[in-house]
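Subject: Structure handover

Dear colleague,

Please find the structure below, followed by some notes on what was found in it.

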Amino acid sequence: MVPTVKAATISNVTFVRPAKFYFSGYSNIPHITYFLIFMCFVYIMTVVGNVFLMSVIYLVRTLHTPKYMIVFNLALADLCGSSASIPKVLDAFLFDRSEIVYEDCLSSMFFFYFFTDVQSWILVIMAYDRFIAICFPLRYHSIVTKPAIAAMLLLVWVVLMSISACIVGLFDRHSFCGSLVIQYFMCGMGSMFDLACGDTSLISNIAFVSFVLNPILPPILIALTYICIAIALSRVASPKERLKAAKTCTSHLILVAVYFIPLWYINLAYWDDRDADIILKILPDIPPLLNPILYSLKTQEVLNCIKRLCNNMLSNITMSKKVFTAMLTNWKLLK
């Protein structure tokens with residue numbers, strides 16, 4: 001099939017746009033069956049885990065706190081990010097679709113970078129929550145309030161959505177008059193940048209800003225907060241109190257590690273073999289799978305809420321059975 005190119009004219013400027021792009025990362029992949037099975041497992045467990053965690057936080061009033069507002073938003077970003085990427089990959093492999101429509105390519109790029117950036121900055125807000133809790137424990141409830149956290153989360157979603165939309169909008173204002181083959185599994189900024197024609201300096205500058213905002217600045221801010229936390233803990237006299245305070249950071253530190261290490265791996269490492277391409281595709285989908293586990297199975301507060309929720313559901317079911325049995329008995333007596 002011969003790739004087709006269409007032209008769009010805006011304000012007397014002609015943009016050459018292809019009807020489709022073609023991925024080269026789907027061919028001749030070894031052990032493809034295992035890859036598909038693993039991706040299906042990751043996606044199903046990501047959806048189940050994050051929906052379950054969000055449901056528990058929504059249904060249990062004791063979890064309607066600033067901390068779990070942050071956790072809820074992280075679970076939502078994980079769910080949306082995985083849903084924006086994994087189904088497309090599975091569809092391409094299962095039905096041998098190695099092409100993507102131009103508009104879908106830009107949409108895919110927008111959602112991937114948007115939700116990835118949101119996840120990064122929600123981890124920063126989590127670090128801020130731990131920083132205030134340990135360094136200013138007496139003022140925690142007056143500083144970390146629901147309106148303050150809601151404003152921070154809203155700012156993250158709106159600003160990062162604007163930046164991602166700006167990047168995609170700039171790509172939409174460029175021509176693609178050369179190769180239409182993307183050397184990867186998805187429409188990434190780097191691969192699209194290589195295919196764009198004309199002056200791409202503005203996109204390059206925006207891409208650099210985006211790179212600083214996502215893989216670089218958030219871990220630096222998180223590291224600074226934990227340096228302050230370490231200093232605060234060093235001033236605590238009792239080792240037992242230090243250990244107790246440090247344990248409250250365990251889940252967040254694991255989240256930071258499983259999120260940013262793969263992200264740095266993707267951005268800084270160079271690979272030229274196909275097996276590495278598969279690794280690069282799998283790694284970003286692991287954190288959304290682990291996040292609900294870390295904030296449910298490893299958190300006693302959430303586990304207790306899950307137990308109470310299950311007990312309430314069982315009590316309601318038992319009560320409903322008793323009511324139904326009584327109604328059935330009364331109906332038989334009347335009959």
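The crossing of H2 and H3 is left-handed, where left-handed means that the near helix is turned anticlockwise from the far one by less than a right angle, and clockwise would be right-handed. This is a predicted model, in which local features need pLDDT of at least 70 and side-chain atom pairs count only at pLDDT 80 or more, while totals for chains, interfaces and linings use all residues. Residues are numbered from 1 along each chain as its sequence is written, and side-chain values use heavy atoms, with hydrogens and water left out.

The axes of H2 and H3 come within 9 Å and cross at roughly 160 degrees (axes are lines fitted to C-alpha atoms, for helices over the stretch in contact, and angles run from 0 to 180 degrees between N-to-C directions). That makes H2 roughly antiparallel to H3, a term for angles over 145 degrees.

Helix H1 (residues 32-59) and helix H2 (residues 66-94) have axes that come within 9 Å and cross at roughly 155 degrees, so H1 is roughly antiparallel to H2. H1 also passes H2 in a left-handed crossing, and their contact has 24 nonpolar, 4 polar and 1 charged residues (Ala, Val, Leu, Ile, Met, Phe, Trp, Tyr, Cys and Pro count as nonpolar, Asp, Glu, Lys and Arg as charged, and the others, Gly among them, as polar).

As for disulfides (pairs of cysteine sulfur atoms within 2.5 Å), the count comes to 0. The sulfur of Cys-135 has its closest cysteine sulfur in Cys-228, and because the two are 6.0 Å apart, they are too far for a bond.

Best wishes

How values were computed:
Helices (H or I, at least four residues) and strands (E, at least two) are DSSP runs, numbered from the N terminus. Angles under 35 degrees count as roughly parallel, over 145 as roughly antiparallel, 65 to 115 as roughly perpendicular and the rest as oblique.
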